[in-house]
Amino acid sequence: MEIYAMPGHLIRRLNQISTGLFLERMNSLGLTLTPVQFAVLSALRLHPGIDQATVAGLVAYDRATIGKVIDKLENRGLLARSTARHDRRAKELNLTEAGHTLYATAQPHVLAMQPDMLEGLDEEERAIFLRLLEKATLAANEHSRAPLKLREPDPLLHRR
């Protein structure tokens, strides 16, 4: 089988394309934001006060990498760390006003560009592709170095 027909190669290419589209759109808006930074802002918006390990699970990133992302967001004033009320050794993470504003500014543009990532597919094909991609991703989740760990009752991607 040629590399160009292998799922791993095609998934990597589609990730490159989606990341490029995301960065291009954010840059055109004058926003400094990466896909993983957007994911962290989204997780904290939905789950204020969670810790770094929980953020890592919610966005399926390894703890070391997510720590660097969180440091950058904190240094930019987009999130704040504070001592957890339930455990003085733990740190809670919360979006700042600037973090909420950046998320609110970026979110409609992120939603609007989703079809661009699957250019060439019509609406029905996109829906089928996304269902199959979700199924394959969830089935292989535990093989990841950073498995997705959703908090109940979080909806999985786009539940039927």
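The model is predicted, and its chain holds six helices and two strands, which follow one another from the N terminus in the order α-α-α-α-β-β-α-α. Two packed helices are described by the angle between their axes and the distance between the axes, and the helix pairs below are set out in those terms.

**The chain as a whole**

- Taken along the principal axes, the C-alpha atoms of the chain fill a box of roughly 55 × 35 × 30 Å, and 29% of the 160 residues count as buried.
- The chain exposes about 10700 Å², with carbon and sulfur atoms supplying 55% of that area.
- Where contacts join residues at least 6 apart in sequence, 53% of them link residues at least 24 apart.

**Helix α2 with helix α3**

- Helix α2, spanning residues 35-46, packs on helix α3, spanning residues 52-59, at an angle of about 115°, and the two axes lie 10 Å apart.
- That angle makes α2 roughly perpendicular to α3, and α2 passes α3 in a right-handed crossing.
- On the α2 side the contact is made by A39, V40, A43 and L44, while α3 contributes V55, L58 and V59; by class, these are seven nonpolar residues, with no polar and no charged ones.

**Helix α2 with helix α4**

- The axes of α2 and helix α4, the latter formed by residues 63-75, come within 10 Å and cross at roughly 80°, so the two helices are roughly perpendicular to each other.
- V36, Q37, V40 and L41 of α2 meet I66, V69, I70, K72 and L73 of α4 in this contact, which by class has seven nonpolar residues, one polar and one charged.

**Helix α2 with helix α5**

- Helix α5 covers residues 97-117, and its axis comes within 10 Å of the axis of α2, with a crossing at roughly 115°; α2 and α5 are therefore roughly perpendicular to each other.
- Here α2 passes its partner α5 in a left-handed crossing, whereas its crossing with α3 is right-handed.
- The contact is made by F38, L41, S42 and R45 of α2 together with G99, H100, L102, Y103, A106, Q107 and V110 of α5, and these residues divide into six nonpolar, four polar and one charged.

Technical notes
Residues are numbered from 1 along each chain as its sequence is written. This is a predicted model: local features need pLDDT of at least 70, side-chain atom pairs count only at pLDDT 80 or more; totals for chains, interfaces and linings use all residues. Side-chain values use heavy atoms; hydrogens and water are left out. Axes are lines fitted to C-alpha atoms, for helices over the stretch in contact, and angles run from 0 to 180 degrees between N-to-C directions. Helices (H or I, at least four residues) and strands (E, at least two) are DSSP runs, numbered from the N terminus. Angles under 35 degrees count as roughly parallel, over 145 as roughly antiparallel, 65 to 115 as roughly perpendicular and the rest as oblique. A crossing is left-handed if the near helix is turned anticlockwise from the far one by less than a right angle, and right-handed if clockwise. Contact means heavy atoms within 4.5 Å. Ala, Val, Leu, Ile, Met, Phe, Trp, Tyr, Cys and Pro count as nonpolar, Asp, Glu, Lys and Arg as charged, and the others, Gly among them, as polar. Buried means under 20% relative accessible area, exposed over 50%, partly exposed in between (1.4 Å probe, protein chains only). Accessible areas come from the Shrake-Rupley method with a 1.4 Å probe; for residues, only the protein chains shown count as cover.
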